[in-house]
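Keep the viewer open and click along.

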Amino acid sequence: MSHKALTVGFDIGSVSINTVICAQNGDLLAELPYQRHFGRTLELCARTLAQVEEKYGAENISRVVFTGTHGEAIASAVGTTFEIETTSQTRGLHRLMPEARSVVSIGGHDSALLLVSPAKDGFLLEDFKLNEACAAGTGSFIDQQAERIFSDHQEFERIEEPQQRIEAILSKFISEGRTSDHPANVACRCTVFTKSDMIHLQNKGIPVKHIIAGLHEGVAKNFKSTLINNRTLAEPVAFIGGYATNELARAAFSKILGVNVVVPDHHTSVGALGVALTAIAAGNGRAVRSAEIASLKSDAAFKAPTVPPLCQKLAPFTPCGESAGLPTGKETIDVYMGFDIGSTTTKLVLMGPDHRIIYKRYIPTEGQPVTAIKKCLSHMKQQIDVTRVNVLGVGTTGSGREVANLFVGADDVVNEVTAHARGTTQFRPDVDTIFELGGQDAKYTSLNQGFVVDFRMNKVCAAGTGSFLEETANKLGIDIAGEYESLALAAKTPFKLTERCTVYMESDLMSYLQMGAAREDLLAGLSRAVVHNYLNRVVQDGKIGKVISFQGGPSLNKSVVAAFEAVVGKPIVTLPHREV
């Protein structure tokens with residue numbers, strides 16, 4: 001049977017392309033398979049449209065229209081209709097499930113709550129709430145957790161096609177979680193924090209199946225607290241978007257929301273159907289051809305943006321200093337002992353009354369602060385003659401300072417801000433600004449004559465912190481300790497990456513990688529993105545002085561230091577013992 005005057009609706013989101021073909025009267029003729037685009041939006045869109053042209057005849061396509069995150073740029077370039085996603089989803093859902101009164105929509109990077117009521121020709125959108133700069137609890141967030149657990153399993157090593165690989169990993173991930181009868185309590189905030197929670201649970205011996213089930217319930221809890229908040233959900237509740245395909249997600253949302261969520265047919269293509277119906281009703285849109293979309297690859301508007309290469313030139317880069325060790329002889333040496341128990345690393349320092357560093361140790365905390373302290377002390381005993389050491393006092397700082405105090409019996413328990421300020425001004429009294437990137441936290445401190453006058457830190461977002469940088473380097477097969485730095489500084493045309501959530505940053509990186517981008521250009525772009533994220537989200541309108549000290553693990557990476565210098569336009573001081 002031949003069809004004429006067809007409308008092709010594309011929903012090109014952050015992660016996937018969803019496509020429908022509608023007849024002249026709006027009937028849904030076909031829904032094409034869900035496809036992840038991995039950043040190749042133009043290529044995949046053109047190929048998909050070419051397949052439609054081949055099957056139905058190009059002359060029978062009267063309009064091609066778009067919605068979704070990446071749909072607007074394409075629609076504008078080819079001169080056809082674009083509609084915002086919430087409007088398209090509302091119209092599309094009315095055709096598929098007219099009885100719906102509340103909508104949970106979760107895609108690759110986006111999540112939304114829509115509250116609707118019946119109107120003459122569709123739904124009236126009474127209220128809605130969208131996620132903002134955080135992608136915790138979206139489809140990509142779950143993809144990342146699945147890959148963390150199963151990506152190194154042998155059964156997936158031979159799968160080279162990206163979509164097949166992630167779908168296979170997700171299938172195992174969901175299958176494993178469905179066997180759980182006791183979901184663990186997992187805080188689904190930032191993906192970096194979630195990773196730490198998961199590692200901590202695994203270290204406690206919690207089975208992976210319970211962690212996976214708890215992760216899905218955590219996503220539902222996060223949606224309830226951030227988007228639903230004090231709103232009342234009227235039933236039926238429709239669950240749409242790519243995440244609704246996940247059986248564990250369906251069960252978790254029904255349990256946490258206390259309602260039966262319904263997944264309608266064509267739930268991944270609701271937006272694509274909606275924009276097609278809108279265009280048909282209004283007679284808008286034009287017959288775009290696949291060759292037109294393919295030709296956009298040479299359009300400057302679709303080229304990946306780049307930034308200048310990194311080069312540190314305003315201040316010297318100081319490598320980590322070595323500890324002095326005990327002086328020769330047999331006499332007893334007075335020392336002060338300091339512990340910094342951070343979210344991802346634990347540091348131990350022995351310092352003499354003359355402020356000389358006698359011993360220092362920097363190791364992963366791995367969710368077990370007491371064990372980390374024991375490891376530091378054990379290493380210290382192996383490295384120096386502790387019978388010659390007389391400890392005059394012990395101090396603890398960091399997020400685990402109270403735990404450390406209980407274990408070592410500290411004489412002083414100090415918050416990180418005070419400790420950083422005191423340690424910094426001991427070596428450089430003229431420092432008036434401290435930038436600090438830790439494993440999961442980021443802090444900004446403003447000083448006046450050595451005293452703290454302003455302080456800020458990240459809240460629920462760990463984008464650009466040490467853990468994120470290390471994990472990204474691992475995914476690219478790069479040693480974070482030295483190789484990252486040398487590659488990033490060698491980059492000629494660094495990519496300009498998004499500077500928001502870790503999920504968005506990682507998606508940008510993986511998309512460019514799929515398109516053949518050089519690793520060095522990605523790493524240099526990441527270093528700049530980290531800096532912009534820190535300045536925009538942590539420092540904000542805080543005063544940046546003339547003498548800036550950069551501290552924490554990422555300060556050991558010269559490319560990040562160079563990125564701070566390039567963006568701030570001022571010298572960046574790197575102290576010799578800044579890692580501890």
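1. Helices (H or I, at least four residues) and strands (E, at least two) are DSSP runs, numbered from the N terminus. This is a predicted model, where local features need pLDDT of at least 70, side-chain atom pairs count only at pLDDT 80 or more, and totals for chains, interfaces and linings use all residues. Residues are numbered from 1 along each chain as its sequence is written, and side-chain values use heavy atoms, with hydrogens and water left out.

2. Now try the sheet with the order E13-E12-E11-E14-E15: this one is open, has five strands and shows mixed pairing. Strand E13 (357-364) and strand E15 (412-413) are at the edges with a single partner strand each, so one side of each has no neighbour in the sheet. E12 (residues 345-351) and E13 run antiparallel, joined by seven bridges. Look for Leu350, whose bridge partner in E13 is Tyr359.

3. Helix H12 (residues 369-383) touches E11 (333-341), E12 and E13, where contact means heavy atoms within 4.5 Å. The direction of H12 makes about 140 degrees with that of E13; axes are lines fitted to C-alpha atoms, for helices over the stretch in contact, and angles run from 0 to 180 degrees between N-to-C directions. Helix H13 (residues 401-408) touches E11, E14 (389-397) and E15, and its direction makes about 150 degrees with that of E14.

4. There's another open sheet of five strands, also with mixed pairing, in the order E18-E17-E16-E19-E20. Here E18 (451-457) and E20 (572-573) are the edge strands, each with a single partner strand. E19 (residues 548-551) pairs with E20 in the parallel sense over two bridges, and Ser549 has Val573 of E20 as its bridge partner.

5. How do H4 and H8 pack? Their angle is about 170 degrees and their axes are 11 Å apart, with H4 covering residues 139-150 and H8 residues 208-228. They are therefore roughly antiparallel (under 35 degrees counts as roughly parallel, over 145 as roughly antiparallel, 65 to 115 as roughly perpendicular, the rest as oblique). Contact residues include Phe141 and Ile149 of H4, and Leu215 and Val219 of H8.

6. Last stop: is Asn60 buried or exposed? Asn60 is buried, at 10% relative accessible area (buried is under 20%, exposed over 50%, partly exposed in between, with a 1.4 Å probe and protein chains only). You'll find Asn60 in the loop between H1 (41-56) and E5 (61-67). Leaving aside residues up to four places away in sequence, Asn60 touches His3, Lys4, Ala5 and Leu6.

How values were computed:
Pairing = 2+ DSSP bridges.
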